[in-house]
Amino acid sequence: MNTLVTKVVEDVYYIGVNDRETHLFENMWPLPNGVAYNSYVILDEKTALMDTVKSLSTEEFLEKLDSVLQGRDLDYLVVHHMEPDHSGSIRATIAKYPNVKLVSNKKAKEMLQFFYGIGDENFVEVKEGDKLELGSRTLQFFLTTMVHWPESMVSYESKDKLLFSQDIFGSFGALDGAIFDDETNPDKYHEETVRYFVNIVGKYAKQALKALEKLGGLEIKSILPVHGLVWRSNPQRIIQLYIDLASQKKKNGVVLAYGSMYGNTRNMVEVLARYLVEEGVKDVQVFDASKVHKSYITKEIWLNKGLILASCSYDSALYPPMANLLYTIRGNKMTGMVLGVIGTYTWSGGGVKNLITLGEEKGYELLNDDVVEAKCAASKDNQEQLRQLAKAMAAKLREE
């Protein structure tokens, strides 16, 4: 039953699928609302399929493709991105349509061989700015290297001003009946769009900005990504959101992320959170790294200027849930951050010492004079140190 075959414009169809079964995207990032894998078909003098879907939905996907083609052969399969949630049905598509020509760039050709054993006999290699004539429609290709894989590219259809954007402008979340932004309230997907950007695209923010600048001269009426809503009514909304996120625009809030075994470090965080509010910080968020998945924490860290990391020591090192979070924070290559560090130890320490190393890296301004480390549990002196840290953080947030 083809419940998700939907016309985008005349002779362009959406044939994506919803995945409500997979728990973890890339086997790491929670999918409480599922995810959509989007694919599109263009019918012209030549037919073109724009990406495939994850292999778990191949049968459903091919059924939809067949229903749109209505007996016609498939001339081209455009591969914008080789990640298996979009390339996973390529071999099955070739088996069903053996005459199809794969269209992509040199790097993707190499990946096709190594992922799927697909040779280059029916491969059409395209470079920056190359065009593919389909009849009344023309596709032009733009390389978007490292947004977020090295072979990533987008294509622009000039007749209806459509941008097939691969993972750019994507989002977590299955599509609940609405395919287009004007069929639902896009606010519904906002948080999952931000979480998707921060954890999937964020570390390549500079490359994302370059890609957005490259596409800035195009007249875009609709954006057709491989995840999330199709933006046909207000594409500028998702474009501006991505520009803001890629630019790492921040609000003057503070995220406190902590790891605590027996509550002593947590108690310090609770006190510090109150002190921050007393210093006039109105946006304070507290996260337990042992309970809250790191993708939700990093999303908020990305959006806020102030970051306070708190950890107990664990076997003379950093508490493992905080070590895991710190690894991801580092990978996201954030900039413009003001960093505070607090924690506890019982004998040799290790938690605070490891957190401080983040402040030595580019993008972070460590409040070095206000690091607070308590032995076993916070003393009255430590509480006064926490107050001074709150004052120092609040003062930094007030700076222009």
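Met-322, Leu-326, Ile-329 and Arg-330 of helix 10 meet Asn-354, Leu-355, Thr-357 and Leu-358 of helix 11, where contact stands for heavy atoms within 4.5 Å. By class, this contact comprises 5 nonpolar, 2 polar and 1 charged residues. Nonpolar covers Ala, Val, Leu, Ile, Met, Phe, Trp, Tyr, Cys and Pro, charged covers Asp, Glu, Lys and Arg, and polar covers the others, Gly among them. Helix 10 spans residues 320-331 and helix 11 spans residues 351-359; their axes come within 11 Å and cross at roughly 5°. The axes are lines fitted to C-alpha atoms, for helices over the stretch in contact, with angles running from 0 to 180 degrees between N-to-C directions. Helix 10 and helix 11 are therefore roughly parallel to each other, given that angles under 35 degrees count as roughly parallel, over 145 as roughly antiparallel, 65 to 115 as roughly perpendicular and the rest as oblique.

The model is predicted, and local features need pLDDT of at least 70, side-chain atom pairs count only at pLDDT 80 or more, and totals for chains, interfaces and linings use all residues. Residues are numbered from 1 along each chain as its sequence is written, and side-chain values use heavy atoms, with hydrogens and water left out.

The secondary structure of the chain comes to 12 helices and 23 strands; these are DSSP runs numbered from the N terminus, helices being H or I of at least four residues and strands E of at least two. The C-alpha atoms fill a box of roughly 80 × 40 × 35 Å along the principal axes. Of the 400 residues of the chain, 56% count as buried, a term for under 20% relative accessible area, with exposed meaning over 50% and partly exposed in between (1.4 Å probe, protein chains only). Among contacts between residues at least 6 apart in sequence, 73% join residues at least 24 apart.

An unreviewed UniProt entry lists residues 254-394 as "domain: Flavodoxin-like"; UniProt positions are given in the numbering used here, feature names are shortened, and annotations may be inferred rather than shown by experiment. The end C-alpha atoms of residues 254-394 lie 9 Å apart, and the span is 43% helix and 28% strand.

Lys-299 is placed in helix 9 (residues 294-303). With a relative accessible area of 5%, Lys-299 is buried. The side chains of Lys-299 and Glu-300 are joined by a polar contact of 2.5 Å. A polar contact is a pair of N or O atoms within 3.5 Å; within protein, one must be able to donate a hydrogen and the other to accept it, and residues adjacent in sequence count only if both atoms are side-chain atoms. Neighbours within four places in sequence aside, Lys-299 is in contact with Glu-191, Val-194, Arg-195 and Val-198.

Asp-66 belongs to helix 1 (residues 58-69) and is partly exposed, at a relative accessible area of 36%. Leaving aside neighbours within four places in sequence, Asp-66 contacts Gly-71, Lys-96 and Tyr-97. The C-alpha atoms of Asp-66 and Glu-399, which are 333 residues apart along the chain, are separated by 60 Å.

Two residues other than glycine have positive phi values. Phi of Asp-51 is near 70°, and phi of Lys-161 is about 60°. Asp-51 occupies the loop between strand 8 (47-50) and helix 1 and is buried, with a relative accessible area of 4%. Lys-161 occupies the loop between strand 14 (153-157) and strand 15 (162-166). The Lys-161 side chain reaches the backbone oxygen of Ser-158 at 3.1 Å. Not counting residues up to four places away in sequence, Lys-161 touches Tyr-156, Glu-219, Ile-220, Lys-221 and Ser-222. From C-alpha to C-alpha, Lys-161 and Gly-216 are 13 Å apart in space and 55 residues apart in sequence.

A cis peptide bond runs from Val-147 to His-148, with omega near 5°. His-148 is found in the loop between strand 13 (138-143) and strand 14.

Thr-22 lies in the loop between strand 3 (17-19) and strand 4 (24-25) and is buried, its relative accessible area being 16%. A polar contact of 2.5 Å links the side chains of Thr-22 and Asp-19. With residues up to four places away in sequence not counted, Thr-22 touches Leu-31, Tyr-37, Lys-54 and Leu-56.
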